[in-house]
Amino acid sequence: MVSSAVAVNQYAPLLNPAASPSAWAKATALRLRWDVIQRRVASEPTAVYVATDGTYIYVRFDAMQREAIAASAHSDDVGQGNDDAVWVDLWPNGAGGYSYQFEVTPNGTHYESSSENATYQPAWESHGEIHSGGYTATMKIPIKIMHGAHGGAWKAQFVRYIHATGEQQVWSYDAAQTSADDLSRAGTITLAAVPAIAHPAPRIALYGLATAASGTAGGSTSRSGADISVPLTATSSFYATFHPDFSNVELDQQTIAPAVTQRAFSEVRPFFTQGASFYNQLRYYVTASLIQPLYTPSIPTPREGYAVEGKQGVLSAAAFDAVGDRRTDLASVIDYSSPDTHWRGSLQRVAVAEPSVVDDVTDASVSYNDLVHVSYALSYGHDSGTNVANGRDAQWYDAGASWSSKTFAFYAATRKVGDYYNPVDGFVFHPGIAGWGIYTSKILDFSPNSKLLSAGASVVIDRYQGATQGSNQSDNQLTIDVLTKSGLDFQILSGSDYWRFGQVLSPISQSAGFSFTYHSGLQTNNPGPFPYHGSTATPTTITYNTGRYGDGRLDTWLRTSTIQAGSHGFVSVTLNDTAQRFRSGPANVQWFDGLAYTDQMNAGSSFSLGLRKVIGMPPVPNGGGNCTGTCTNVSLAYHYRMRHSELYLSYGDPNALTTTPQALAKWIFYAGADKGS
């Protein structure tokens, strides 16, 4: 471990990023020396200064940068990952507590996150200024917004992301490190000046909602309710919801991309997001299709809900009870992580009870990762209840192992899923299969003087049989990916996919084609199972896929482009189409046209307008719930965030295929602790 421990000086420096570094002379000085992406010495200097006065933690980053600086975002918590950034990771209680991250872009826009709550958004202060040769960013982080804060030793990491190259510089490291936010490689800072922290404050969020809507949308109405969170200890909380409102219309998750299975959506409801990180802590591999024993988007809006979550030493646990109209959804989980984070284990139960259906699912897993090259995992699940006709065929087994390095990865997995393993509150991509899959990839890196950033190739092969018949699923894919330093990302794909429907094994191939992105995020290729290339605020992407699909051939074009409009605005255009042509008869052709405008007005407010139309017939087979015929959607949204409250104004619903004829006004007031803290 390098640069692993420092004492933080007691000092309250100037936050103005234009001030000379000498204004932070009494602060503790650090240097970011290592790039964890390329596993080599950092290419450009970054100086960090950190101090505390017992109430706040102050951080300053001075980043020298020869590449063009990306600083497009202007609204806090919107557009993370599109710009250059610096951040600090804090673990007040190490592996036995929650993690916190505070991130700032070159113009002072900021983001934050916590392992306790997916909607963690407390108030804190950030500033940024771009200058000749680089930029400076400063932070003022209240200690009270972190559960378990105390005087003494904290685990910490300081990170810089260079958007143009994908480089991630860190303070504390070892040569085998691949993630900037790896707790096992984090350093230690000692906050000797911090006094004893009072018990974390409780939080109550009161909301009022008014809707003006047509009769077809349910008519005009108003409602109110509350979400509360009460800390039990420094690292545990009780939380509840009463008469909740789940009208989260700001998240658009619609698409016409072809799919033969139910689509998985992200959870956005506050009651379920607070403890989400505790559940589904099971290890999946790339060829083993999605299985979530708990998939909260399938739970209807409850009338009220009660939950607890917390961490203590090597254990963490959570449970909730969502009470609806003649329905109850229960979940509980206990997770184990060894002090060195090599070993992990999880035991989880999910149960549903309503007059016509009961369901009870238990899942367990254990995994090992040496944090250098090797990992392996075992998982088991069992389902029982009304829908399970044969208990011996309601089980799920997974086993997998991997070996990876900076430029090479190999994953292998085997899986068996019974026909009746299909939890009511879960998500199972494909029940009734048994088989194996492998993934392997190789990455080539180029010299700093090359115009290419990296190039790589990956292969996926799997074979899954049915319990009473032949092949149920078969996939083959070869992907070649080239990234250039000028912002171009080019992919070529080739392969085939087959899926059994009843007694027929049908092709559902869309694994041949290409993808071209201009203004790519330029994060270098990753040999792992989920390579991440990053993004920019203004990408242009053209993707073409083709293959035998059902009884015909399916061609899919996906075209999207975002351009900047003014200093704070962005216009996005989408033009997608699918065309399935059969040997005889008319073709199934569908178009998805979209136009959107977003204005990040300032750090606390934003406005968006979306227009789209879907026309035509989707491909067959199709499990994605696409529009049939013509569907038109118009939506508007305005968000204004204040110190202790938020205001949402909207029309329509971007999560619907057609316009919801309603106007909605929603106000949320936070008393006690800040949002999500």
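This is a stop-by-stop tour of the structure, from the whole chain down to single side chains.

**Before you start.** The model is predicted: local features need pLDDT of at least 70, side-chain atom pairs count only at pLDDT 80 or more, and totals for chains, interfaces and linings use all residues. Residues are numbered from 1 along each chain as its sequence is written, and side-chain values use heavy atoms, with hydrogens and water left out.

**Stop 1: the whole chain.** Show the cartoon. The protein chain has 1 helix and 42 strands. Both are DSSP runs numbered from the N terminus: helices are H or I with at least four residues, strands are E with at least two. Along the principal axes, the C-alpha atoms fill a box of roughly 75 × 60 × 50 Å.

Areas come from the Shrake-Rupley method with a 1.4 Å probe; for residues, only the protein chains shown count as cover. Of the 677 residues, 51% are buried. Buried means under 20% relative accessible area, exposed over 50%, and partly exposed in between (1.4 Å probe, protein chains only).

**Stop 2: the core.** Select Ile-57, Phe-102, Met-139, Met-146, Phe-158 and Phe-320. These have the most contacts inside the largest nonpolar core, which has 46 residues. Such a core is a set of buried Ala, Val, Leu, Ile, Met, Phe, Trp, Tyr and Cys residues joined through side-chain atoms within 4.5 Å. Center on Phe-320. Its contacts (heavy atoms within 4.5 Å) include Phe-271, Phe-272, Tyr-279 and Leu-330, not counting residues up to four places away in sequence.

**Stop 3: strand β21.** Select Ser-316, which lies in β21, residues 315-324. Ser-316 is buried, at 8% relative accessible area. Among the residues that Ser-316 touches are Phe-278, Val-333 and Ile-334, again leaving out those up to four places away in sequence.

**Stop 4: the surface patch.** Select Val-314, Leu-315, Ile-334, Tyr-336, Trp-343, Leu-347, Val-366, Tyr-376 and Leu-378. Together they form a nonpolar surface patch with about 770 Å² of accessible area. Patches are made of residues with over 30% relative accessible area and no salt bridge; like charges are joined within 9 Å, nonpolar side chains (Val, Leu, Ile, Met, Phe, Trp, Tyr) within 5 Å. Strands β22 (327-337), β23 (343-353) and β25 (374-385) each supply at least two of its residues. Tyr-376 sits in β25 and is partly exposed, at 38%.

**Stop 5: salt bridges.** The structure holds 16. A salt bridge is a side-chain nitrogen of Lys or Arg within 4 Å of a carboxyl oxygen of Asp or Glu.

- Arg-327 and Asp-425: the closest N and O atoms are 3.0 Å apart. This pair links strand β22 to the loop between β27 and β28, 98 residues apart. Arg-327 is buried at 13%, and Asp-425 is buried at 1%.
- Glu-646 and Lys-675: N to O is 3.0 Å. Glu-646 is in β41, while Lys-675 is in the segment after β42, 29 residues apart. Both are buried.
- Glu-67 and Arg-66: N to O is 3.8 Å. Glu-67 is buried at 18%, whereas Arg-66 is exposed at 60%.
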